[in-house]
Amino acid sequence: MTIHHSGKMAMSLKSNHLIILSAILTVLISIATANSHSDLVSELLSLQSQSTSGVIHLNDHLISRFLTSTKTPRPYSILIFFDAHQLHSKPELHLQDLHNEFSLLASSFVTNNPSDHGKLFFCDIEFKESQSSFGMFGVNSLPHIRLVGPDAKSLKDDSIQMDQGDFSRMAESMADFVQSRTKLSVGPIHRPPLLSKKQIGLIVLIILIWLPFAIKKIIAGETLLHDRKIWLLGSVFVYFFSVSGAMHNIIRKVPMFLVDRNDPNKLVFFYQGSGMQLGAEGFAIGSLYTIVGLLLALVTNVLVKVKNVTAQRVVMIFALLVSFWAVRKVIYLDNWKTGYGVHGYWPSIW
Amino acid sequence: MWPSMAAGEKASGTTLRNAFGNVLSFFILLLIGVLAFSIRLFSVIKYESVIHEFDPYFNYRVTQFLTKNGIYDFWNWFDDRTWYPLGRVIGGTVYPGLTLTAGTIWWLLNSLNIPLSVETVCVFTAPIFSAFASWATYLLTKEVKGTGAGLTAAALLAMVPSYISRSVAGSYDNEAVAIFALIFTFYLYIKTLNTGSLFYATLNAIAYFYMVCSWGGYTFIINLIPMHVLLCIVTGRYSSRLYIAYAPLVVLGTLLAALVPVVGFNAVMTSEHFASFLVFIVIHVVALVYYIKGILSAKMFKVAVTLVVSVGLVVCVAALAVLVALVASSPTKGWSGRSLSLLDPTYASKYIPIIASVSEHQPPTWPSYFTDINVLAFLVPAGIISCFLPLSDASSFVVLYIVTSVYFSGVMVRLMLVLAPAACIMSGIALSQSFDVFTRSIKFQLFGVPGGFKVDAGETSSDSSVTENDGAKRDKSEDILKERPSRKNKKKEKEQAEKNPVEKTSIKSKKEKKLLVLPLEVSLIALILLVFLGAFYVVHCVWAAAEAYSAPSIVLTSYSPSGLHVFDDFREAYGWLSHNTDVDDKVASWWDYGYQTTAMANRTVIVDNNTWNNTHIATVGTAMSSPEKEAWEIFNSLDVKYVLVVFGGLVGYPSDDINKFLWMVRIGGGVFPHIKEPDYLRDGQYRIDSMATPTMLNCLMYKLSYYRFVETDGKGFDRVRGTEIGKKNFKLTHFEEVFTTHHWMVRIYKLKPRKNRIRGKTKKSKTKSSSTTSSKRSVVSKKNPWN
């Protein structure tokens with residue numbers, strides 16, 4: 001043990017010069033890089049303060065300045081949102097929604113963490129402007145969010161892509177992603193209130209002024225509320241809306257129809273399997289449910305008062321045919337969709 | 001002389017007809033009750049007289065306790081057999097309505113020397129109350145649209161699949177009695193509204209009290225009735241009858257509701273009840289306005305109106321401010337998550353994954369409506385329209401009921417149960433009306449009976465005094481158009497009953513315009529089609545009752561080419577526990593089986609289906625997801641003697657513990673962060689084959705489920721997951737298998753006692769290993785979340 005130790009001592013004494021030299025060198029280099037790094041940070045900070053949301057707009061030039069041409073480890077991480085204006089028209093990508101959420105995340109981070117200034121920056125890139133950067137990151141599908149850590153050398157391989165699941169719950173889940181990957185806490189997301197205080201005040205004022213007039217009208221009994229037809233239409237509509245499963249479509253954000261996978265020209269309107277339904281499908285069946293009842297009501301309440309027998313006959317035959325068709329269609333579709341075979345229990349032997 | 005004689009003759013004829021009609025409707029109602037009861041017996045016939053599923057076992061156990069120890073002990077019952085070592089206060093945390101009802105029935109039967117077991121009474125409580133519910137539906141619909149509609153609605157409700165799903169024999173749950181209470185409360189409200197009688201108002205409050213005792217769904221009543229009252233006020237239908245129907249209900253009802261321990265001060269403190277208080281204030285203001293209007297001249301009244309409106313406004317604003325302050329001071333703004341998700345349907349899916357994940361909280365798709373209310377879905381719009389012609393207080397209430405319940409059912413599939421009675425009432429009204437129109441058309445044109453029509457005209461004179469609101473008196477006019485061709489079966493008899501009532505409006509209009517009829521042959525076709533529609537409904541309901549909703553889930557069956565297979569493993573396991581373990585032994589399992597274990601095996605459990613303590617559940621979840629040694633430590637610290645797992649891999653029973661396992665990991669990881677879900681997933685995939693992660697293959701749940709599994713077929717092929725298991729031959733170090741049921745569906749393991757530290761043995765063989773285990777154990781015991 002001891003022998004070994006002294007030997008090492010001798011070795012180190014010999015290489016003393018070399019160590020000092022290299023130490024000086026590294027210090028110098030690090031000072032130089034630190035200097036340039038702090039320059040970059042302050043530049044990024046100024047860019048950040050220029051934008052209202054705290055999202056820095058990058059282009060090819062800025063990418064190379066802040067990411068590719070700098071030495072690792074950089075003192076900051078960059079979270080990049082890949083945007084393309086030409087795809088904003090495609091609603092299924094939710095690019096604009098996601099970008100808004102991203103801005104919320106950025107502004108919340110800036111306001112929540114004044115001490116972490118300069119450690120994490122939020123940026124976006126536009127496809128048309130900076131196609132080469134898109135190529136550098138290897139991004140070929142949107143939406144795409146990528147975190148470039150302090151140690152990432154190759155933009156494509158070392159940066160971390162945010163999963164679909166991480167932006168599914170909007171800004172909150174993005175914050176979780178940032179938290180788990182950078183160890184920087186984002187804190188609560190500050191969403192702008194739905195109505196500003198002024199607007200709320202205005203609405204309250206209008207309601208207060210309107211209230212006495214409304215009460216006067218109600219007492220007089222001449223509002224829309226006294227119109228039975230409106231109530232009738234309203235209740236039938238709520239019924240139609242509910243039995244068509246529209247609430248399911250809203251909660252699950254189901255599309256009206258799908259495009260057939262095998263044949264892109266064909267549209268799929270009916271989905272097989274009882275746990276799911278498509279929008280158009282629901283409304284179609286909902287109207288079948290409703291139309292039968294409406295026709296029945298028409299026959300029993302209105303048609304009896306008609307004096308012309310031929311008219312009665314024609315309308316009734318029409319109503320019967322439509323109702324019969326609708327009920328059969330629903331029974332058929334229900335059996336097809338759920339796969340249940342409803343059957344009676346007829347006695348086989350007496 | 002002559003005219004009065006004729007009138008007397010006519011009157012006696014009508015009395016006879018009325019008497020006959022009443023007797024007939026009585027027997028029809030009796031048959032409807034029998035139908036409602038017997039259609040729910042499929043579960044007993046196909047399986048046996050047994051309590052179903054999970055929650056009913058708890059209710060059964062509580063009922064047993066009640067019948068054994070009496071009401072006071074039940075009220076103060078602290079249950080130490082569950083949530084060990086915490087226990088649970090039962091008396092203050094359950095809705096006692098169901099238990100008290102079944103207990104009373106049992107006590108009554110026993111005092112009549114009919115020695116039924118508590119279990120039998122519990123099994124048949126739900127079918128009995130279904131019969132009551134259909135009678136209540138008859139009463140309610142009769143108040144709205146007359147006897148014929150009432151009978152039709154009752155018949156429809158007796159077999160509506162949505163209600164059957166919650167009330168088959170053996171399904172001993174709160175909804176079994178609550179739906180009856182709900183309909184009966186609504187009936188009494190309408191009755192009070194129609195009669196203005198304080199007697200019915202008091203009964204109404206008592207019925208509401210019964211509903212509060214029975215089910216958390218009582219909030220639907222205490223919001224729907226105020227809504228209706230407000231609607232009546234706003235549309236200028238205020239009357240003293242409305243006041244009598246509403247004010248006593250709020251005062252008495254709230255006081256009575258506060259008596260139920262589980263509700264207590266919630267009856268005045270939570271937002272669900274605020275609507276009723278707000279409307280209570282409004283109705284008083286309105287009553288005052290009407291009173292002042294009555295005592296003042298028109299001119300003076302105008303002056304007074306400005307005064308009253310301003311004062312009323314101030315009062316309202318003040319009350320509103322108090323309410324807003326109260327609401328804002330509570331964290332969830334006073335609303336429970338479930339109520340919020342009803343108002344904003346997207347709320348739960350965004351913020352409360354626990355509520356969103358439960359299958360009965362999902363929004364339904366259109367086939368659910370067809371399965372649960374079947375052809376009623378077609379008839380309801382006609383019923384709604386018929387309720388508007390003419391619109392009375394009563395009919396506006398049922399319209400409001402259907403609209404709110406259909407909206408709520410669109411948000412949560414379990415609320416289909418509340419929609420079902422409303423749909424039956426509406427369809428009953430529609431069916432009855434159309435039968436009325438079609439049979440009238442056929443009768444008048446086929447037989448050309450002006451005689452019967454004359455009687456009608458005579459009737460209407462007595463009827464014309466009936467006010468618009470009084471649906472109750474309308475049934476006088478029934479049985480006029482009676483025609484009795486010989487018909488054999490029950491169903492047709494019902495239809496016949498449906499034809500009985502005559503709409504007052506139609507009578508009136510008849511007087512003006514003579515015959516209101518449709519062409520004969522088309523009416524005939526329409527009638528036949530309607531009968532077919534009804535027949536399809538009956539077939540569907542019987543099918544649903546027999547096939548879809550009768551499985552007790554405690555006994556399973558499967559059909560195979562070789563015949564019927566019965567899987568009775570659960571009771572086998574619980575029976576084994578109760579016969580082979582000590583009374584005070586603690587059994588750990590996932591919470592799903594807690595109620596059953598306490599009820600059937602009478603052993604203490606750690607967690608059960610009343611998921612009130614998340615940390616405790618997370619502890620069990622953590623133990624199940626930990627390696628054997630850590631799990632042993634956790635279970636040992638909880639005094640657990642036996643661990644029970646449910647395993648479906650051999651027979652292909654899909655809802656076993658391996659399929660629920662990720663929830664154990666998630667819930668466990670939510671409290672004890674060293675359990676991480678990604679450790680159990682390979683590339684985000686949950687798998688148990690050779691590609692599974694080592695954490696997964698070493699966790700307790702995997703080991704207890706698949707221990708010796710390879711011995712069954714030599715390969716270890718899991719028939720639920722459809723794959724061979726990853727780790728086949730392994731031994732258990734800290735647990736020993738004590739019992740596995742016939743089909744391997746339940747496996748029970750015993751915790752091995754702690755090893756003695758024998759000095760000699762330690763010295764002899766593995767100095768190192770024993771020292772490492774002991775040091776590890778000390779480390780492990782720190783990790784043990786229970787300490």
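How many residue pairs are in polar contact across the interface of chain A and chain B? In this predicted model, the count is 12 residue pairs, with both members at pLDDT 80 or more. Five helices of chain A each supply at least two residues of the side that touches chain B: helix H8 (197-220), helix H9 (228-243), helix H10 (246-252), helix H11 (279-302) and helix H12 (309-338). Of these, H12(A) gives the most, with 15 residues. Sorted by class, the side of chain A that touches chain B holds 39 nonpolar, 18 polar and seven charged residues.

The extent of this interface can be described in two ways. In terms of residues, 64 from chain A and 62 from chain B take part in the contact. In terms of surface, the size of an interface is often given as the accessible area lost when the parts come together. Here the area buried between chain A and chain B is about 5,700 Å², and carbon and sulfur atoms give 78% of that area. On the chain A side, A:Tyr239, A:Ile251 and A:Tyr289 supply 12% of the area that chain A buries against chain B, more than any other three residues.

Charged pairing between the chains comes next. The count between chain A and chain B is one salt bridge, in which the side chains of A:Arg313 and B:Glu521 meet at 2.6 Å, N to O. Over all chains, a search of the whole structure finds 23 salt bridges. Among them is a pair within chain B, where the side chains of B:Arg81 and B:Asp584 meet at 3.0 Å, N to O.

Strands of a sheet pair through backbone hydrogen bonds, either parallel or antiparallel. Chain A contains an open sheet of five strands with mixed pairing, in the order S1-S3-S2-S4-S5. Its edge strands are strand S1 (55-58) and strand S5 (160-161) of chain A, each of which pairs on one side only. Within chain A, strand S2 (residues 77-83) and strand S3 (residues 120-126) pair in the parallel sense over seven bridges. A:Phe82 stands opposite A:Ile125 in S3(A).

In chain B, strand S10 (residues 735-740) and strand S11 (residues 746-751) pair in the antiparallel sense over five bridges. B:Phe735 has B:Leu751 in S11(B) as its bridge partner. S10(B) and S11(B) form a hairpin with five residues between them, and B:Trp744 in the turn has a positive phi of about 65°.

The confidence scores should be read alongside these features. The model scores ipTM 0.80 and pTM 0.76. Chain A averages a pLDDT of 78, with 83% of the residues scoring at least 70. For chain B the mean pLDDT is 82, and 82% of its residues reach 70 or more. The pLDDT is below 50 over residues 451-513 of chain B, a stretch that has 106 contacts in the model beyond near neighbours in sequence. Residues 762-783 of chain B also have a pLDDT below 50, with 12 contacts in the model beyond near neighbours in sequence.

Key: Residues numbered from 1 in each chain as written. Chains lettered and ligands numbered in written order. Heavy atoms only, no water. Contact = heavy atoms within 4.5 Å. Buried area = accessible area lost by both parts, 1.4 Å probe. Salt bridge = Lys/Arg side-chain N within 4 Å of Asp/Glu carboxyl O. Polar contact = N/O pair within 3.5 Å; in protein donor to acceptor, adjacent residues only side chain to side chain. Helix = DSSP H or I, 4+ residues; strand = E, 2+ residues; numbered from the N terminus. Nonpolar A, V, L, I, M, F, W, Y, C, P; charged D, E, K, R; others polar. pLDDT = per-residue confidence, 0-100. Pairing = 2+ DSSP bridges.
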